[in-house]
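Visitor: Hi! Could you walk me through this structure?
Guide: Happy to, let's have a look together.

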Amino acid sequence: MRQDKVLSLLGLAKKSGNIASGEFATEKAVKTGTAFLVVVANDASDNTRKRFADKCSFYNVPIEFYSDKAGLGHALGFEMRTSLAVLDPGFADSLIKKIRER
């Protein structure tokens with residue numbers, strides 16, 4: 001049930017224009033300082049998980065590993081998404097709380 005709430009919140013953030021999705025867009029948002037949270041799919045490759053963990057650590061951006069590629073993609077209206085960046089601090093705070101409740 002909580003997973004549905006998180007994915008629904010991601011969908012709302014996408015509709016309001018507060019999501020950068022895909023590896024390139026996520027990385028760009030982290031580097032430019034517009035990302036307030038990065039979410040990476042649990043089934044992402046080890047290399048992808050490490051790369052985003054290292055970038056987020058360096059740029060001091062919170063990172064969460066959540067759902068799978070299909071779940072993240074479906075929440076955003078795509079087939080699959082490995083990573084996404086939340087570009088709004090309010091959505092980011094809400095998502096962090098919901099993800100950590102599980």
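**A chat about the fold**

Guide: Let's start with valine 6, which is buried, with a relative accessible area of 1%; buried means under 20% relative accessible area, exposed over 50%, and partly exposed in between, with a 1.4 Å probe and protein chains only. This is a predicted model, where local features need pLDDT of at least 70, side-chain atom pairs count only at pLDDT 80 or more, and totals for chains, interfaces and linings use all residues. Residues are numbered from 1 along each chain as its sequence is written, and side-chain values use heavy atoms, with hydrogens and water left out.

Visitor: Where does valine 6 lie?
Guide: Valine 6 belongs to helix α1, residues 2-15. Helices (H or I, at least four residues) and strands (E, at least two) are DSSP runs, numbered from the N terminus.

Visitor: And which residues is valine 6 in contact with?
Guide: Leaving aside neighbours within four places in sequence, valine 6 is in contact with Tyr66, Leu95, Lys98 and Ile99. Contact means heavy atoms within 4.5 Å.

Visitor: New topic: what order do the strands of the open sheet have?
Guide: The four strands run β1-β4-β2-β3, with mixed pairing. The edge strands are β1 and β3 (63-65), and each pairs on one side only. Two strands pair if DSSP finds at least two bridges between them.

Visitor: How many bridges do β2 and β4 have?
Guide: Strand β2 (residues 37-40) pairs with strand β4 (residues 83-86) over four bridges, in the antiparallel sense. For example, valine 40 has serine 83 in β4 as its bridge partner.

Visitor: Is serine 21 buried or exposed?
Guide: Serine 21 is buried, with a relative accessible area of 17%. This serine sits in strand β1, residues 19-21.

Visitor: What does the side chain of serine 21 make a polar contact with?
Guide: With the side chain of arginine 81, at 3.1 Å. A polar contact is a pair of N or O atoms within 3.5 Å; within protein, one must be able to donate a hydrogen and the other to accept it, and residues adjacent in sequence count only if both atoms are side-chain atoms.

Visitor: Last one: how do helices α2 and α3 cross?
Guide: The axes of α2 (residues 23-32) and α3 (residues 46-59) come within 10 Å and cross at roughly 15 degrees. Axes are lines fitted to C-alpha atoms, for helices over the stretch in contact, and angles run from 0 to 180 degrees between N-to-C directions. The two helices α2 and α3 are therefore roughly parallel to each other, as angles under 35 degrees count as roughly parallel, over 145 as roughly antiparallel, 65 to 115 as roughly perpendicular and the rest as oblique.
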